Each structure stands twice: as C-alpha cells, then as structure tokens.
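Here's a quick tour for anyone opening this one for the first time. Have a look at the chains, then read on.

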Amino acid sequence: MGEVTLKPKVIFKVPIIAETITPDNFARKSIEEIAKLEVWEGNRKVTLGELFEIAGTPGETPTDTKIIIEGDVRKVRRIGYKMTDGQILIKGPVGMYLGEKMEGGKIIVEGDADSWVGTGMKGGQIEIKGNAGDYIGAPYRGDTKGMKKGTIIIHGNAGNEIGCWMRGGTIIVKGNVGAFPGIHMKKGTILVEGDCAGRCGAMMKGGKIAVLGHIPSILPRFTFDEIKKSFKLKKEKIKGPFYLFTGDLNENGAGKLYVSIEKNKHLQFYEKYLE
Amino acid sequence: MELLIKNGYVYDPINKIDGEKMDIAVKDGKIVESVSSSAKVIDATNMLVMPGGVDIHSHIAGSKVNSGRILRPEDHYKDVKPRTAITRAEVGHTVPSTYTIGYRYARLGYTTVIEAASPPLKTRHTHEELNDIPLIDKSCYLVLDNNWIVLDYLSQGEINKCAAFIAWILKALKGYAIKIVNPGGVELWGWGKNVESLDDQVPPFDITPREIIRGLCKVNKILNLPHTIHVHTNNLGKPGNYRTTIETMDAVGDLANGRPNIHITHVQFCGYAGYSWITLRSGAPEIAKYVNNHPHVTIDLGQIVFGEATTMTGDGPFQYILHNLTGNKWKNADVEAEGSAGIVPYKYRRKNMVNAIQWSIGLELALLIKDPWRLFLTTDHPNAGPFTEYPRVIAWLMSTKAREKTMEKINKRAKKRGVLASIDREYTFYEIAIITRAATAKALNLENKGHLGVGADADISIYNINPMEIDPSKEYKKVRRALKRAAYTIKGGEIIVKDGEIVKSFIGETFWVKPTMSKDLEREVLKEVSEKFKEYYTVSLENYVIGESELASSKPITVKTNF
Amino acid sequence: MIKVILITGRSLDQGISKELGKFSKEYMEKVAICELDPEDLKTLGVSPGQNVKVKTKYGEVIIKAIESTQAPHKGIAFIPYGPWASILMPPATESTGMPSLKGVEATIEPATDEEILDPKKLIKMIVGREP
Amino acid sequence: MRTISNVVCPFCGSLCDDIEVDVEDNRIVKVRRGCAISVTKFTKYNEERIYKPRINGKEVSLEEAIDEAVKILANAKYPALYGWSSTSTEAINIGVEIAELIGGVMDNTASVCHGPTIIGEQDAGISTCTLGQVKNRADLIIYWGCNPVHAHPRHMARYSAASKGRFIKGRKERKVIVVDVRKTHTAKTADIFIQVKPNSDYELLTALRWAVKNGELEQEEISGIPAEKIEELADMLISCRFGALFFGLGLTMSAGKARNIEAAVALVRELNNYTKFVMMPMRGHFNVTGANEVMAWATGFPFAVDFSRGYPFYNPGDTTFVDVLTRGDCDAALIVASDPVSGFPAEAIRNLAKIPVITLDHHETLTTTISKVVIPTTVVGIETEGSAYRMDAVPLRLKKLVEPPPGIPSDEEVLKMILKKLKERVK
C-alpha cells in the first residue's frame with residue numbers, strides 16, 4: 001500500500017478547495033507531480049506543494065494508495081472528491097463536502113467533520129470519529145438526488161437534515177442528531193443510536209430510519225403500525241422493542257420509522273391504537 | 001470600420017440569393033455596395049454566409065425567466081464557465097444568466113431575439129434584464145389579452161378606445177407587439193379556473209376568448225403594428241387541442257386582407273389529437289392542411305428536444321395541470337389585472353410515449369407546411385428545450401437519416417401516432433435561412449434585419465461548412481457541429497465571435513414601437529385609464545410608465561396608425 | 001429569575017428610532033427593551049421601566065423590562081432587532097445562513113441597579129477594543 | 001416650495017408609491033400619506049450623517065478612500081461583499097461585477113431575513129401573485145408569523161385586509177386570521193387568532209395540510225392548538241374564494257426555518273385543489289427583493305454567491321455572510337447600505353472586527369464604527385433615483401427629491417469608481 005502524507009504548512013484562513021486530494025489523483029505520481037496538483041486558496045489558484053508538506057510514495061493504482069493528512073484541515077473542503085478507491089486518513093478536523101460524489105474507497109476522520117459529508121455519494125465508506133455538521137449525504141439546494149449508495153458512520157453527534165433526499169446507502173450516527181433526519185428520503189437506511197431533535201422523516205417517501213434514543217414527538221402525518229422486536233441493518237439485527245410508524249402520509253409516503261420504546265415512554269399513548 | 005467578406009456562399013432569401021458565391025461589404029455597421037482597399041478582409045471561401053439569426057419567440061428576460069432562475073439552482077451547478085477578460089462568468093443550462101444568453105446566441109450566429117411574454121406591470125424588470133443581455137438586439141411583446149382595461153373596452157365594444165389604450169401602453173412600456181396567452185383562461189385562473197373553448201364566457205366581463213382574439217386582431221390593424229397578434233392558444237398542452245388551434249386561426253380569417261394577421265406560437269404544444277394522454281395522436285397533418293390553405297396565418301414550431309427543459313408560460317392554469325401530472329415543483333405568479341405566469345421543471349425522455357409523439361408533431365408541422373415564409377424555427381426556449389439546440393432541430397429538418405436515427409431510440413408506440421416516418425422532405429440551406437432569419441425578420445417587419453441587401457444592418461453569420469459540397473442528408477452531424485459554433489458572427493459591423501468564441505462584447509439595441517395618436521384621443525383615454533388604475537392596481541399610473549432613459553440603448557420605431 | 005423563550009422582531013418604534021440614528025437616545029430607549037407578559041413581570045418582581053439581565057447560552061445583556069401591549073404571551077420575551085438582542089443569539093445557522101433569532105431559551109433576572117450599555121460600549125464588550 | 005407626488009417610499013418591502021412630499025430650499029418639509037416610519041426617514045435622514053470619507057477614523061479625500069478600498073479588495077484572497085438591500089438595483093448590479101472580478105463571496109440581507117423562504121421555494125416551488133390580486137380578489141387573509149401593524153404599517157390598508165378592490169370592497173368582506181406566538185397588534189384586528197407554541201409552526205402547518213386533505217386528525221392537540229380548531233380552520237380555508245397567506249420571520253427564523261416555508265408551500269398547493277390560494281413573504285427592506293432579482297439574473301443565484309473560482313457557486317450555510325464570518329473565512333469585507341454589526345451574533349461581529357472593512361452608508365452605524373474605510377453616499381429614493389423591487393417583485397422607480405450634500409456621491413458612483421480602478425489592477 002503506497003502512502004502519501006500531507007501536512008499543512010500554515011494555519012489556513014480562507015477556504016481551501018482541494019478536489020485533487022484523492023487516491024485517484026495521487027496514484028502513479030511522483031511527489032513533485034503531486035505537489036503540482038492544483039487547489040484553490042480562496043480566489044487564488046495554488047499548488048498542493050505550496051500549502052502542504054508532502055512525503056511518501058503513492059501506490060500504482062488508487063486501490064493501493066493511502067493519503068494521510070495531519071494537522072488542522074477544517075478549512076480544506078472537497079477532500080476525496082469523486083474518489084473511486086483507496087484510503088484517506090485525516091487525523092484532525094476536516095472541512096465541508098468531504099467525499100463529495102465519492103464512488104469507492106474509504107475515508108476516516110479522527111476529528112470532527114463539517115457539513116455536507118458525502119454530498120451526492122455513489123459508493124465507498126466515510127467514517128467520522130468525532131462530530132459531523134448538517135446535511136450529511138444531502139444534495140445541493142433545489143436538487144432532489146441525494147446520496148445513492150455507500151456508508152457514512154459518525155461516532156459523535158451530527159446536525160440537522162442528515163440523509164436529506166437520500167436514495168440509498170446507509171448512515172449511522174452513534175451520537176445524537178438534530179432535526180429532520182431523513183427529510184425527503186426515498187430509499188436507504190438511517191440509524192441514530194443517540195437522541196433526535198425531532199421531525200424525523202418529514203416528507204419521506206420510502207427508506208427506513210431507526211432512533212434508539214429519545215425523540216420529542218412524531219410528526220402528525222405518521223401513523224402508528226405496530227411494535228417491532230428489532231430493526232434490520234444489513235446483516236445485523238438491532239434489538240428493540242420499537243414503535244413502528246409509517247409516513248409521511250402527507251406525501252403518500254411508505255417510509256418506516258422505528259422509535260425505541262424504552263427511551264420514549266411519553267409516546268405510550270400511541271399504543272391505544274393497537275386495540 | 002470597414003469589412004469585406006470575400007467569396008462566401010451567400011444565402012439571403014429576402015433578396016432571392018440562394019447560395020451565390022459573392023462578397024459582402026460592410027461600412028459603419030451597414031451593408032454597403034463596396035468598401036475601400038483598407039477594409040479588413042474575412043476570407044469566407046467555401047463557407048456558408050447568412051444574415052444574423054432572428055429569433056421571434058424566446059423567454060430570455062423578465063420576472064418569469066428570473067423566477068425560473070431562482071427556482072432552479074440545480075439547473076446552474078453543472079453548467080458554469082469562468083469569466084474571461086472579455087466575457088462575464090457564464091452559468092445555467094435551461095435558464096442561463098443574462099450574459100450567458102447573449103454570448104450563446106452570438107456563438108450560434110443569432111443577432112436579434114424577442115422576449116416572448118412580458119406582463120406590462122413587470123416590464124421594467126424585463127427591460128432591466130434586456131439591458132444586461134450583451135450583443136443581440138432585442139425587444140419584448142406585452143401580454144395584453146387578460147388585461148382588465150383591454151377586457152373592459154373590448155366587452156363594451158369600444159375598439160377605438162382599446163386601440164388607443166394599447167397604442168399608449170406599447171409606447172409607455174416600450175413593447176413591440178400584442179401577446180395573447182390563453183385569452184380569458186388566464187383571467188379566470190385569477191379564481192383558480194380556466195376556459196375550455198373559444199366560446200366560453202369570461203365573467204364578469206361579457207366576452208369570450210374568440211371575441212378577445214378578434215378584438216385584438218382589429219386593434220392590431222388599426223394601429224398598423226409591425227408584427228401581427230402573437231397567440232398562445234386556449235387548451236395548450238391538452239390532448240385534442242388541435243381543433244381549438246384551427247378554430248383560433250379561423251376566427252380571424254375574415255379580417256385578413258392578403259397579409260398574415262395572426263401568428264400562432266409554439267404550435268407543437270397545441271397540435272395534439274386524441275382525447276387523453278394514452279390516446280394522444282399527432283394533429284399536425286390537420287393543422288398543416290389548414291395553414292397551407294390559409295395565407296393569413298404564420299406559426300412557430302416550439303420543437304421538442306429530448307433532455308432537460310424548464311416550462312414557463314403566462315398560462316398559469318396549464319402549468320398547474322403540468323405540476324399535477326408530473327409532481328415536479330411548481331411556481332405560480334399571477335399579476336394583478338394583467339395575467340399570470342407558471343413554471344415547472346420538466347425532462348423530455350425518448351422512452352416516454354407522449355414526449356416521443358410531441359417530438360414528431362413539431363417536425364411534422366415543419367415538413368408538411370409548404371410555405372417556409374410562414375413558419376419559424378423555435379423551441380419556445382426553454383419550454384421545449386434550450387435555444388442552443390437549434391442546430392440539432394435543423395439537422396432533423398435537413399436529413400431523413402437524422403430523423404430515422406432518433407426514431408430508432410424513441411418510444412416504439414409513438415411511430416404509429418403520427419406520420420413523420422412517411423415524410424421524406426428535406427430542408428435546403430435556403431429554406432433553413434428563411435425559417436431562422438428571413439421569414440422571422442419579415443414577420444416582425446424589421447426592414448434592416450434578416451437580409452444582406454445594401455442598407456441592412458451588418459448582422460452576419462458565417463459557418464465553416466461548404467454548402468456546395470456537403471450532403472446535409474448524410475453528413476447532418478457535420479452540419480450540426482458547424483452551426484453550433486459560428487466561424488464568425490458580425491453584429492452591427494463588429495466581429496463579435498470568431499471560431500465559436502466571443503471576441504468582443506457590447507450592449508445591443510432595444511427596439512420598441514411608438515404608434516402615432518392624436519393628443520386628445522390619448523388624453524381622453526388616459527383620463528379613463530387613471531381612474532381605473534386607482535381601483536384595479538396597487539401602483540400609480542405615473543410609476544407604471546417606463547422612461548426611455550431606463551433602456552440601456554433605446555431604438556424607438558414610429559408606427560403610422562390608421563385611427 | 002424566570003425561564004422564557006426569547007423572540008426578536010421588528011416594532012414600529014424600532015423602525016422609527018433606527019432612522020433617527022443608531023446612537024440616538026430614542027434608539028436605545030426603544031430597542032434596548034424586553035417586552036414581558038404582565039404575569040411574567042409579576043413573578044419576576046420587576047416593575048416596568050426597571051432593568052433586567054437576560055441570559056442565554058451565548059451571551060447576556062442588561063436591558064429595560066417593559067409591559068407588553070401585545071400579550072398574552074406567558075413565557076415568551078420579545079426584544080426588538082438590534083445589538084442588544086443579537087448578543088444573545090447563537091452564531092450557528094444550522095447550515096442555512098440564518099441564525100436562530102426566534103425561539104431561543106433564556107433566563108431573565110432583575111438587575112435594577114445595573115446600567116444598560118450604549119451601542120459603543122456594547123461593541124467594545126463584544127469586540128474587546130474601543131470602536 | 002414644490003410638491004412631488006407619487007413618491008416611492010424607500011423604507012420597507014411595501015414600497016408605497018402614493019407618498020407626497022413638499023420640498024423647500026432643498027429640504028423635505030412635509031410628508032403626506034407616509035406611515036410614521038416613512039415620515040421619519042424622509043425628514044430625519046440627515047441625523048448622524050457622515051459628510052467626509054474616513055480611513056481609520058481620519059478624514060480623507062474621496063480619491064484616497066477609493067484607492068484604499070481598491071487596495072484592500074484587490075489583495076484579499078476571500079473578500080466578502082454584503083448588504084445591498086437598501087440601495088438601488090443599478091448599484092447592486094455593479095457590486096455583482098466587482099464580486100466576480102475580485103473572486104469574492106457576495107451575499108445580501110435576505111440571508112438573515114427571507115433567505116429560508118427562497119431555500120424552501122427552491123425545493124418545493126411557491127404559488128404567489130402581485131399584491132393587487134389580493135386587494136381585488138382575496139376574501140380570506142392569513143398573517144402567519146408576521147406583524148404588519150409594526151413592520152409594514154400601511155400593508156393592510158393599501159394591499160391586504162382593509163384594502164378596497166374590484167371584487168372585494170373592504171375589510172368587512174374579508175375573514176382575517178392571525179397565527180403568532182404573541183397576541184400582536186395585528187392579531188388584535190383579526191377575526192380569528194391562533195396562538196401557536198414557539199418553534200412548532202411546522203407541526204401545525206403539517207396538521208393543517210392533512211386536515212385540508214382528509215378532515216380528521218389523530219392527535220387531540222398539535223402545537224398547542226386543539227384538533228377541532230385545526231379542522232375548523234381547514235374548512236374555512238377550503239370554502240374561501242381566494243385565500244392569501246402572508247408570512248414573516250416567525251417562520252423563517254424559528255426552528256425548521258426553510259422547512260417551515262416548505263410546509264406552508266405544501267399547504268397552499270393542497271388548497272389549490274379546492275380553491276384559489278396564494279402566499280407571499282413579507283420582505284423587510286425596500287430593495288431586498290431587487291437584490292435577489294439582480295443577483296439571480298446576473299449570476300443564476302439570488303443570494304450567497306461565491307465567485308472565488310471565477311464562476312458563481314451557491315450554498316447557503318457555506319457562502320452566506322453569517323457563516324463566512326463565524327468560520328472566519330473572509331479576509332476583507334465591503335458593506336453597502338447595511339448595518340450587520342447591529343444584527344449579527346457576537347461571534348460573527350468579533351471576526352468582522354478583525355479584518356479590514358469598507359462601508360458605504362449615508363449615516364453612522366455600528367458597522368461604520370469598526371470599519372477601516374468609510375465612504376459616505378447619498379440616500380437612494382431621496383437624493384438619488386434608481387430601481388427597486390417591491391415584496392411581490394413589482395419593479396418601481398425611486399425618485400430623486402432633493403440634491404445631496406455637495407461632494408457626496410451615490411453608491412452606484414462609488415462602486416463604479418472602485419470597479420474602474422480594480423479593472424486596471426486585476427487582469
């Protein structure tokens with residue numbers, strides 16, 4: 001496995017658009033060639049070498065190329081843009097649009113990630129050890145084509161509208177999430193192990209969401225179906241029990257919403273619909 | 001500045017020039033007999049030379065177009081081009097920015113474009129956008145058929161006062177012609193309703209769509225306006241609507257005197273036979289038959305091109321129907337006392353039977369209507385597709401092979417719903433020059449446009465194909481590629497495009513009509529209009545009027561009326 | 001001390017005084033205020049015209065409490081748009097561009113002997129240097 | 001003394017155009033038909049006025065101030081241009097060209113006002129109209145999360161609840177409903193007042209939409225409103241002939257933001273199956289709509305446009321001014337006709353104070369006190385004419401009523417000077 005390490009030469013102030021930091025762009029290149037790859041520092045076109053110390057030798061193909069980024073790159077955006085394979089390890093916090101339009105390979109972030117992780121993602125895997133921002137896997141405004149395939153795992157908390165317009169793939173948040181997870185969702189799976197700020201699955205047409213923690217209320221247009229013992233996530237079965245809701249009926253949606261019974265005693269009144 | 005275009009094969013139908021090898025001399029923005037030896041020379045040997053394109057119907061400026069831009073950021077993300085030293089940044093696919101529209105038309109070799117529908121109350125916005133569209137000369141039609149003051153006058157039979165009001169409004173708001181959009185239907189859309197036929201009542205006005213169309217046709221004659229009434233028919237986009245279209249044409253047949261007196265726009269959208277979407281069939285043969293036998297009618301195509309589009313019309317009720325059909329996001333914006341506007345993003349798919357039939361209807365109309373002088377090429381940009389696809393439509397018209405290739409890829413059932421497969425007519429370069437330059441300039445009565453005779457504006461397009469050697473039927477791809485990026489576009493004697501790239505940018509002229517009218521007739525009508533304004537409108541009459549200084553480059557055309 | 005939901009917004013006086021100048025006496029009078037429901041005022045033990053300290057997770061400010069003429073809105077405090085309101089607001093916009101200027105949890109406690117900072121002092125407090 | 005009539009008022013989004021002013025030796029001495037705010041603006045615009053350009057508090061010539069501004073903007077790697085909503089459309093258009101030339105990020109005050117309305121519309125569309133349609137036809141009006149009595153004082157009389165039109169003769173022929181968290185002065189004029197719990201408009205809009213569609217609601221109470229009341233409201237909305245929903249920052253600023261608007265759009269769209277229904281945002285500044293219009297026709301996007309890579313990129317939350325400031329992304333700022341320091345969260349103000357700021361305004365603001373370069377400009381609509389767009393996107397022409405103080409240029413003139421000098425430096 002070839003390895004290339006990037007280390008910021010300075011603390012970045014203006015946004016850095018670094019679409020070229022991908023195994024696909026690094027494979028088969030010398031360090032000098034990598035250093036010449038173009039990035040944007042605000043409104044200036046600069047080379048990677050001007051902003052980063054670069055060391056190591058990449059693999060022959062993206063598959064066997066690993067990029068390690070040390071230091072604080074919270075201002076560096078679009079790392080992993082359209083990558084098809086290989087790995088990126090980011091040791092500190094990272095900026096927006098991490099892994100945008102990603103098709104394969106794996107990105108691991110040890111710090112926090114900003115918003116729009118995995119925008120327009122088509123495959124591959126992103127794992128954020130820290131917290132993440134809003135709109136995980138969501139498309140840009142006005143576009144209805146969200147995340148298609150792939151997996152995003154966030155160990156910390158995430159913000160609002162994760163999985164917006166989702167069309168497939170899986171998002172797992174071990175911590176809490178903000179409001180509107182799975183809004184406009186068509187397909188795919190969202191698992192929230194922590195609490196959710198509410199309005200879960202608004203306008204959803206399909207797909208399934210599970211919330212293991214507390215949720216303040218269920219949107220008016222989700223009907224209570226039944227109590228389920230577990231929630232199927234790929235091969236794994238997550239133990240319930242869960243209240244299962246279907247919605248969003250305002251959109252004639254058939255999305256499935258699993259809400260942990262144990263953490264949501266205040267939703268008990270729904271059980272009267274069981275008789 | 002002197003220019004000499006040497007040895008090109010010139011197609012100038014207004015002057016009956018059909019592919020003659022000749023020189024074109026240009027001096028101070030005009031075509032001249034000859035120029036001095038110091039003139040800059042363009043060697044157009046083995047190249048196709050035509051007058052600059054004239055687009056008679058395109059949604060390029062104003063509140064409707066801008067609503068489309070704001071509604072569809074997704075239309076802009078993937079279609080961007082950074083700024084250069086000469087050009088502003090370009091953005092947008094079906095609803096491009098103002099600068100992008102000017103540059104793209106120039107690259108196609110088009111030099112005059114008309115905004116197809118501007119509600120009077122928002123025409124100041126239309127002009128502010130037209131001011132920001134570089135290079136092309138331009139104007140706008142005012143939507144007047146659902147205007148309360150017009151409807152008041154017409155329903156009271158006051159044709160002369162209606163004519164005086166329309167003369168005033170064209171002058172006050174700097175418009176060019178009378179635009180009619182689903183007459184009566186859009187007024188009822190103010191209550192969420194619509195009309196079904198030409199003879200429905202339009203309460204509270206005691207009037208029908210037929211009477212609105214006839215009234216405005218008479219007004220057009222009284223005012224002697226350069227262009228005829230420009231009509232978007234009732235029942236647009238509805239299966240079986242070809243009958244309404246023929247009835248609409250026929251409604252003013254008796255008022256004509258040899259010259260055309262009605263233009264039906266984007267006829268593809270109103271050329272549907274059958275009675276439901278499943279039974280949809282082409283109504284083109286019937287419409288073509290009528291047009292061939294009635295010289296008082298001109299039409300433009302509204303040809304479908306497969307792919308992304310943004311439907312935007314003043315026909316509010318139709319856009320709501322389209323929203324319910326597709327579920328796509330819908331924007332509606334009614335205008336007090338004047339009309340409406342609706343926008344719905346749409347994608348034409350080859351495998352969709354309805355889209356495939358719509359595609360063939362447009363081409364059937366073009367191929368079945370014999371007189372190219374009464375038929376204009378449009379895609380009702382961006383309703384049936386962006387104007388940048390004109391070369392693709394031209395390839396379909398010039399080559400049966402191009403049509404067959406597309407027919408192989410479209411929904412199979414569509415073939416039996418029309419007659420396209422049986423038509424083998426192929427347009428010549430001469431005919432293409434007619435339907436994209438000459439006929440449109442004539443229909444607009446722009447005497448200095450659409451031709452290369454001495455005295456005309458020096459708007460010229462030169463394409464890198466040899467019309468004498470190429471066989472458009474077989475090498476339609478080459479034709480398409482050559483027409484997409486002009487080798488040279490010259491506007492007002494200045495070279496603005498070279499090999500498909502913008503080499504110079506400036507602002508063209510906005511032309512508008514100034515119908516002559518006696519002072520006291522104007523004063524009398526204005527007295528009544530200002531009373532109505534207080535009740536109908538939320539702006540004062542004074543602030544409704546647009547000053548000539550608000551136009552970046554104003555070119556008024558005085559029109560001698562027949563009051 | 002009472003817990004409230006804080007909302008900010010326009011008011012006629014805020015519109016008028018803004019035009020008289022952001023450093024005018026009127027502006028401070030009309031904008032450095034907190035309109036409270038009469039019941040909340042009672043439980044707070046403050047009479048209209050006295051100063052209170054409003055605190056949120058993001059900041060605190062001294063402003064004048066007045067009795068709302070647009071009650072009842074128990075548990076809701078209204079502060080007109082302006083520098084005194086915006087100090088209390090969260091910087092996060094939840095990736096929408098819009099900070100949450102309405103519906104923020106806050107506490108209000110009497111501060112009758114504390115002084116309302118004028119705009120210049122406010123800026124100094126926020127920015128840490130003399131404007 | 002001369003009287004000027006049909007004057008367009010340059011304060012709020014109502015853009016009333018029936019104001020009459022008397023002018024005597026270059027001063028406005030009388031204002032007729034304007035509301036209290038309008039009268040104040042027309043007569044007090046010279047309060048705390050700036051008469052000389054300043055650099056770091058020191059008075060300088062216009063030439064020096066412009067050169068300093070050009071130097072700052074040309075050297076910045078990520079300059080931000082903000083404000084725009086209280087100047088002419090022509091000036092904003094020059095601003096767009098400057099932003100494109102220097103590769104800056106340009107945003108207008110919509111991002112902290114009705115930006116969420118635009119974002120909601122971009123996902124769901126909207127059914128709207130010009131104000132005259134409401135005046136002429138509306139027999140049912142809802143004011144949701146807005147307080148026109150305070151923010152748009154003449155709106156109800158000129159355009160909505162109390163206006164007189166062709167088919168509706170006045171307030172008596174209309175049903176007025178107010179939904180708000182407080183019983184506002186506007187609510188006190190309403191036939192029905194619905195006191196919704198803060199941050200729960202989304203649930204109420206969703207429930208109302210379902211009640212319109214099917215009648216019955218499962219829950220007894222939603223957002224503090226009993227289910228029967230919601231069903232009763234739904235019946236009222238269905239049975240009107242022409243309904244209009246005016247909404248304000250109660251929806252765009254509270255929890256849900258753009259999604260509240262999307263829920264309102266879905267409700268109004270649903271109602272169009274039964275009757276005619278429209279909705280309209282109560283835009284605040286007199287030309288914030290104009291800022292959206294001109295930025296959209298020139299760049300394809302209505303606000304928050306980033307030109308750093310030479311072409312427009314738009315993503316609220318990334319390219320919006322509060323976020324750009326809070327993250328400390330921009331290294332210079334040009335503020336035109338706006339006072340962000342009096343309205344932004346503290347974190348954003350702190351970062352703004354760390355970078356060179358150029359401010360164009362006619363009077364002192366909190367922003368001018370932290371600006372490196374201050375260039376006084378004229379008051380659009382009083383000393384300079386220009387185009388502006390009303391809250392319903394109707395374009396009007398602001399008038400020039402009096403001469404500005406000697407030597408004070410308009411925003412447009414200053415921006416043109418800056419653009420000209422920038423073109424010489426930036427190729």
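Before the helix talk, a word on terms: axes are lines fitted to C-alpha atoms, for helices over the stretch in contact, and angles run from 0 to 180 degrees between N-to-C directions. Helices (H or I, at least four residues) and strands (E, at least two) are DSSP runs, numbered from the N terminus. What you're looking at is a predicted model, where local features need pLDDT of at least 70, side-chain atom pairs count only at pLDDT 80 or more, and totals for chains, interfaces and linings use all residues. Residues are numbered from 1 along each chain as its sequence is written, while chains are lettered from A and ligands numbered from 1 in the order in which they are written.

**Two helices in chain D**

- α9(D) and α12(D) pack with their axes 9 Å apart, at an angle of about 15°.

**How the chains touch**

- Chain D gives 27 residues to its contact with chain A, and chain A gives 24 residues (two residues are in contact if their C-beta atoms, placed from the backbone, lie within 7 Å).
- On the chain D side, α4 (115-124), α9 (201-214) and α12 (258-271) each give two or more residues.
- α9(D) gives the most there, with six residues.
- Sorted by class, that side of chain D has 10 nonpolar, eight polar and nine charged residues.
- Five pairs of chains touch, and chains C and D have the most contacts among them.
- Chain B and chain C do not touch, and their nearest C-alpha atoms are 15 Å apart.

**Chain B on its own**

- Chain B has 18 helices and 26 strands.
- Its C-alpha trace spans about 65 × 55 × 50 Å along its principal axes.
- Of the 563 residues of chain B, 62% count as buried (20 or more other C-beta atoms within 10 Å of a residue's own make it buried, 12 or fewer exposed, and in between partly exposed, with C-beta atoms placed from the backbone).

How values were computed
Ala, Val, Leu, Ile, Met, Phe, Trp, Tyr, Cys and Pro count as nonpolar, Asp, Glu, Lys and Arg as charged, and the others, Gly among them, as polar.
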